[in-house]
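Subject: Handover of a model, with notes

Dear colleague,

I am passing on a structure to you and would be grateful if you could look through it. My notes come after it.

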Amino acid sequence: MRASNLNFALLTEAQKDALATSLALDLASSVGVNQRAIQNASGEVGRVSLSAGSLVASGNLYLGPGVTIEHVQGQLDGASLRSRVVASLTKAQATDALTGDGSLDEALGRVKVTASAEALRPSHCFVLGTRFEPSLPSDNPRAVDLRACQSRCAALPNCAYFTFFRETQGCLLQDAVAVPSFDSNATAGPARCPPVPAVGEPADEEMQAAIPSGGPSLLRWAGALAAAALGVATLCLLLPRLWRCCRRQGQGNKYRYTPLQED
C-alpha cells in the first residue's frame, strides 16, 4: 500500500511505530480479515513494514479458505481504505509530514492511497523495491542470489535484515535498528522468513456458514418422503395380486389335507 503526498523523512519514530500497527488494521478491516492475519517483514503479527516513497506499507497477508486474490484486490480498490488511512494519519499526529500548501483539510484531500495484492510462495517474505540502512561491516558484500544473501544474514546472531541487489549481486546486512527506505534496484527481507500458519479443520460455525440455509437438509427430507411414497404405492399395487394368488392356492388345496374319518 502506498500513500502519496507525504514526506516519510518527517515522521518520528513514535509515529512510525503507531502507523505500523494502525495501517495493518486498516488493511485488515478493508479486506475483512483479522489484523493478526497480517505480518511485517520481520514476522511481527498485526503490523506492516514502513518505508519511504511517500509512505509505503507492506506485509504478508494470510488468507483463509475460499478467499481469492481477486476478492482481496477488489476490497483494496474501494474508497474505505483511503478514509481509514487518512484517519490513521490524523490519529498518529502525522499530518505535519503532509506535503503541499493550504489548510489541513486540503492537504489530507491530496493524499492518494493505492494498494495491490499478489500471491506469494509460502516461504516468500521479501519486499521488492526496499533497502535497509545502515549496514553492518562486511568483508564480502556479495552473494550469488537472494537466498544466499538471506542465509548469510541468518548465520550472524546480530543480523536482522538483508538487502540484495540483483544486478550487481550486492548483499548488505543490517541489524535490528536499521530503517527501510525505497530503492527500485533492491530487494530486502528478514534473516528468516516466518513459518506458514498451520491450517486446521474448519470450525463447526464455518461449516454451518458454508451450507446454504435449508439446502441439503430439505433435499434429504424430500428425497426420503418421495422414496417412502413410492414404496407405499408399489405395495398397494402388489398386495391385491398377492392376496388373489394366495387365495387360489388355498382353494386348490382345500381337501388335500382333510383327515380320514373312522367308520
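Predicted model: local features only at pLDDT ≥ 70, side-chain atom pairs only at ≥ 80, totals over all residues.

Residues are numbered from 1 along each chain as its sequence is written, and side-chain values use heavy atoms, with hydrogens and water left out.

The protein has seven helices and ten strands, where helices (H or I, at least four residues) and strands (E, at least two) are DSSP runs numbered from the N terminus. Of its 263 residues, 33% count as buried; here buried means under 20% relative accessible area, exposed means over 50%, and partly exposed lies in between, with a 1.4 Å probe and protein chains only. Among the contacts with a separation of 6 or more, 66% are between residues 24 or more positions apart, a contact being heavy atoms within 4.5 Å.

Strand β4 (residues 55–58) pairs in the antiparallel sense with β1 (residues 2–3) over two bridges, and β4 also pairs in the antiparallel sense with β3 (residues 49–51), over three bridges; two strands are taken to pair if DSSP finds at least two bridges between them.

The largest nonpolar core has 32 residues, of which M1, L19, L23, L50 and L55 touch the most other members. Such a core is a set of buried Ala, Val, Leu, Ile, Met, Phe, Trp, Tyr and Cys residues joined through side-chain atoms within 4.5 Å. Two or more residues of this core come from each of α1 (13–31), β4, α2 (69–76), α3 and α4 (104–109), and α1 gives the most, with seven residues. Beyond residues up to four places away in sequence, L19 touches L11, A24, V48, L50, L55, S88, L89, A92 and A94. A second, separate core has 13 residues, including C125, C153, F162 and C171.

S88, one of the residues touched by L19, is found in helix α3 (residues 79–91) and is buried, with a relative accessible area of 8%. Leaving aside neighbours within four places in sequence, the contacts of S88 are with L19, S22, L23 and D26.

Grid points are joined across faces, edges and corners, and a volume is the space filled by probe spheres set on the points. By this rule there is one cavity of 30 Å³ or more, and the largest cavity has a volume of about 40 Å³. The largest cavity is lined by S49, L50, S51, S58, V127, T130, F132 and P180, with β3 and β7 (127–133) each supplying at least two residues. That lining divides into four nonpolar, four polar and no charged residues, where Ala, Val, Leu, Ile, Met, Phe, Trp, Tyr, Cys and Pro count as nonpolar, Asp, Glu, Lys and Arg as charged, and the others, Gly among them, as polar.

The second largest pocket has a volume of about 410 Å³ and is lined by 20 residues, of which R47, L50, Y161, A178 and P180 lie nearest its centre. Its lining takes two or more residues from each of α1, β3 and β10 (179–190), and the largest share, four residues, comes from α1.

Some backbone details may deserve a look. A cis peptide bond, with omega about -5°, joins E133 and P134, and P134 is found in the loop between β7 and α5 (146–154). Q93 has a positive phi near 55° although it is not a glycine; Q93 sits in the loop between α3 and α4 and is exposed, with a relative accessible area of 60%.

Best wishes

How values were computed. 1 Å grid on protein atoms, 1.4 Å probe; cavity = no way out; pocket = protein on both sides within 12 Å on 5 of 7 lines; lining within 4 Å.
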